[in-house]
Amino acid sequence: MARETDATPESTAGAIPSFDVTVRIRRYDPEQDESPHWEDYKVSVHGTDRLLDALHIIKWEQDGSLTFRRSCAHGVCGSDAMRINGRNRLACKALLKDLDPSKPITVEPIKGLPVEKDLVVDMEPFFQSYREVMPFLITSGHEPTKERLQSAHDRERFDDTTKCILCAACTSSCPVFWTDGQYFGPAAIVNAHRFIFDSRDEGADLRLEVLNDREGVWRCRTTFNCSEACPRGIQVTKAIAEVKQALLTRKV
Amino acid sequence: MTAVQSTPGPAQAIDAPRSPYRRSKPTRTNFELYAWLFMRMSGVLLVVLVLGHLFVNLMLGDGIHQVDFAFVAGKWASPFWKVWDLSMLWLAMLHGTNGVRTIINDYAERNGTRFWLKMALYVAFALTVVLGTLVIFTFDPCPIGADIDASALPSFCPAR
Ligand code: HEM
Ligand code: SF4
Ligand code: FES
């Protein structure tokens, strides 16, 4: 199962160690299977390979029916969040050598969203709550003829939450979201936070009202799973706490 | 390739991909905000009340061996301990009941189950709080009356 590389012999000589890993994937084909099941794949990989590379080898060389999402392959688009060794990560940011290759590496779809096939879940419930927090600039009055300027200090206030790539790793790691899928979830709150604390935005009250709901921020139990899962390092639980604070004091 | 379109099977059991998801209706009240705040404030008070209660009952004096009917009667002779125990009863019951309400909301899968579990919870809450409050306010270790058997009264009662 060794891959062909176009590197010259000089550069490969002892440069990157290669090793075998077993990737244990939760497979589900709604056309064939009653329920999901595990399947093992053995691949030979390099020390610089990420789980996404291993999935590519499996799909391209062993079993073309394996289904998963990916687009940018560099941690920017948020397509390939999956449950890897029991933790939500981006397959394109998970280096195989960091995942303990001596044991089978388990790969499952993210939890709490309906599985469509293999590692692909239906993201619609996730995006539905995202849309409900109105993740766009709300202003009144005349449109300015130039940029809406903002001080560096005002920008700093919501800098952390601008980094979200909507991968759903946080929301699908939250045990409250797993229970009934009704909780807005950390990602929707992060993206509400991004506008609530933006000095140019005037829709904070509307968004706070949405998140004051029974399914809003008050369902958060500060489990910190979201903060641990976020591949962008966003301090998600802190952002949720700031929204709670804003609701309690009615001050942004 | 075309088989993908026509094969029937368990796929029928899954919602069509783009069907709208049912979200619960917005509530538009501050109830959950106040419930959240109450859990934290009652928690702070409960730390003081419960630890104080345990310390006085189990550490001071003869410790665990002192707790008998007379000990309780002695404590409830003072309005201070009546207020203490009453606060502890109400705060712990409201706090615990709201906590279990949260858990029922999380884990009950059907609306009917959720409703009846909560009803059972609220009935248990009401019974405990009413009974407890009644006992704290009407407790009298030495009841007086014609139909009372004096020999059954505790030794410290004057009627004995
Ligand atoms: C010793 C002082 C106590 C403190 C500081 C305290 C604090 C808290 C806090 C802050 C919460 C909310 C957790 C969250 O929203 O994530 C909570 C939940 C809860 N508390 Fe307490 N509490 C105390 C005593 C009690 C007592 C005496 C009871 C039982 C009567 C109780 C039963 C519960 C239950 C059932 C929950 C819900 C758990 C959950 O949300 O998963 N607590 N407590
Ligand atoms: S907050 Fe982090 S984990 Fe959640 S959707 Fe955004 S990038 Fe993904
Ligand atoms: S493929 Fe784009 S984030 Fe991983």
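A residue counts as near a molecule if one of its heavy atoms lies within 4 Å of it. The model is predicted, with local features needing pLDDT of at least 70, side-chain atom pairs counting only at pLDDT 80 or more, and totals for chains, interfaces and linings using all residues. Residues are numbered from 1 along each chain as its sequence is written, chains are lettered from A and ligands numbered from 1 in the order written, and side-chain values use heavy atoms, without hydrogens and water.

**View 1. The surroundings of ligand 2.** Residues around ligand 2 include C164(A), C167(A), C170(A), C230(A) and R232(A). The shell has eleven nonpolar residues, no polar ones and one charged (Ala, Val, Leu, Ile, Met, Phe, Trp, Tyr, Cys and Pro are nonpolar; Asp, Glu, Lys and Arg charged; the others, Gly among them, polar).

**View 2. The loop between α7 and α8 of chain A.** Helices are DSSP runs of H or I with at least four residues, numbered from the N terminus. Most residues other than glycine have a negative phi. T222(A), not a glycine, has a positive phi of about 45°, and lies in the loop between α7 (204-211) and α8 (225-229). F224(A), also in this loop, has a positive phi near 70°. T222(A) is partly exposed at 41% relative accessibility (buried is under 20%, exposed over 50%, partly exposed in between, with a 1.4 Å probe and protein chains only). F224(A) is partly exposed at 47%.

**View 3. The iron atom of ligand 1.** Its single donor from the protein is NE2 of H95(B), 1.9 Å away. Donors are N, O and S atoms within 2.8 Å of the metal (3.2 Å for Na, K and Ca); water is not among the atoms, so sites may look incomplete. H95(B) belongs to helix α4 (residues 79-107) of chain B.

Technical notes. Helix = DSSP H or I, 4+ residues; strand = E, 2+ residues; numbered from the N terminus.
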